[in-house]
Amino acid sequence: MTDCIFCKIIAGEIPATIVYRDEQATAFRDINPAAPIHILIIPNKHIDSVNMMTVDDEPLIGHLFTTAKALAAQEGIANGGFRLIMNTNADAGQTVFHIHLHLLGGSRMKNPMG
Ligand code: 5GP
Ligand code: ZN
């Protein structure tokens with residue numbers, strides 16, 4: 001997608017603090033962190049949102065979670081705890097329409113559901 005900001009980060013056209021990358025996924029620090037550690041994990045393939053994913057995408061989306069698990073350990077928040085969020089459309093507050101998993105941690109979260 002030529003006008004997608006996250007596709008541009010994957011392509012290196014927009015700078016980001018990339019913390020992990022492999023053939024399927026890229027992870028980078030959120031530009032406006034909502035927690036001491038806030039990383040976005042995205043598939044290298046453009047998918048707008050969960051509404052647009054298919055059964056064929058299940059291994060890819062599952063890979064985002066195992067990547068989040070590894071990054072949580074790398075960032076030292078695996079034992080203390082972390083939160084994974086995937087927003088879909090306006091009522092959930094989705095602002096970037098390239099599917100992404102938020103990894104949040106590093107402090108005690110007060111509100112259980114945001
Ligand atoms: P959403 O609200 O769609 O679930 O989350 C989008 C996230 O992307 C937000 O937390 C926002 O701060 C982050 N974001 C938006 N634009 C950029 C950018 O250009 N670079 C980085 N690193 N994060 C971004
Ligand atoms: Zn995209």
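Student: What distance separates an oxygen atom of ligand 1 from an N or O atom in the side chain of Asn-87?
Tutor: This is a predicted model, in which local features need pLDDT of at least 70, side-chain atom pairs count only at pLDDT 80 or more, and totals for chains, interfaces and linings use all residues. Residues are numbered from 1 along each chain as its sequence is written, chains are lettered from A and ligands numbered from 1 in the order in which they are written, and side-chain values use heavy atoms, with hydrogens and water left out. A polar contact is a pair of N or O atoms within 3.5 Å; within protein, one must be able to donate a hydrogen and the other to accept it, and residues adjacent in sequence count only if both atoms are side-chain atoms. For Asn-87 and ligand 1 the distance is 2.8 Å.

Student: Which residue places a backbone N or O atom 2.7 Å from an oxygen atom of ligand 1?
Tutor: Around ligand 1 (a heavy atom within 4 Å) there are 16 residues, and Asp-30, Asn-87, Gly-93, Thr-95 and His-102 come nearest. Asp-30 uses a polar side-chain atom, 2.5 Å from a ligand oxygen. The residue that uses a backbone atom is Thr-95.

Student: What share of the accessible area of ligand 1 does the protein cover?
Tutor: Accessible areas come from the Shrake-Rupley method with a 1.4 Å probe; for residues, only the protein chains shown count as cover. On its own, ligand 1 has 520 Å² of accessible area. The protein covers 84%.

Student: How many bridges join S2 to S3?
Tutor: Strands (E, at least two residues) and helices (H or I, at least four) are DSSP runs numbered from the N terminus, and two strands pair if DSSP finds at least two bridges between them. S1 (residues 18–21) pairs antiparallel with S2 (residues 25–29) over 3 bridges, through a hairpin of 3 residues. S2 and S3 also run antiparallel, with Thr-26 bridged to Ile-42 in S3, and the number of bridges is 5.

Student: How many residues of S3 are buried?
Tutor: Buried means under 20% relative accessible area, exposed over 50%, and partly exposed in between (1.4 Å probe, protein chains only). On one side of S3, Ile-37, Ile-39, Ile-41 and Pro-43 are buried, and on the other His-38, Leu-40 and Ile-42. Of its 7 residues, the number buried is 7.

Student: Which side chain makes a polar contact with the side chain of His-46?
Tutor: His-46 is found in the loop between S3 and H2. A polar atom of its side chain lies 3.3 Å from the backbone oxygen of Phe-97. The side-chain partner, at 2.7 Å, is Asp-48.
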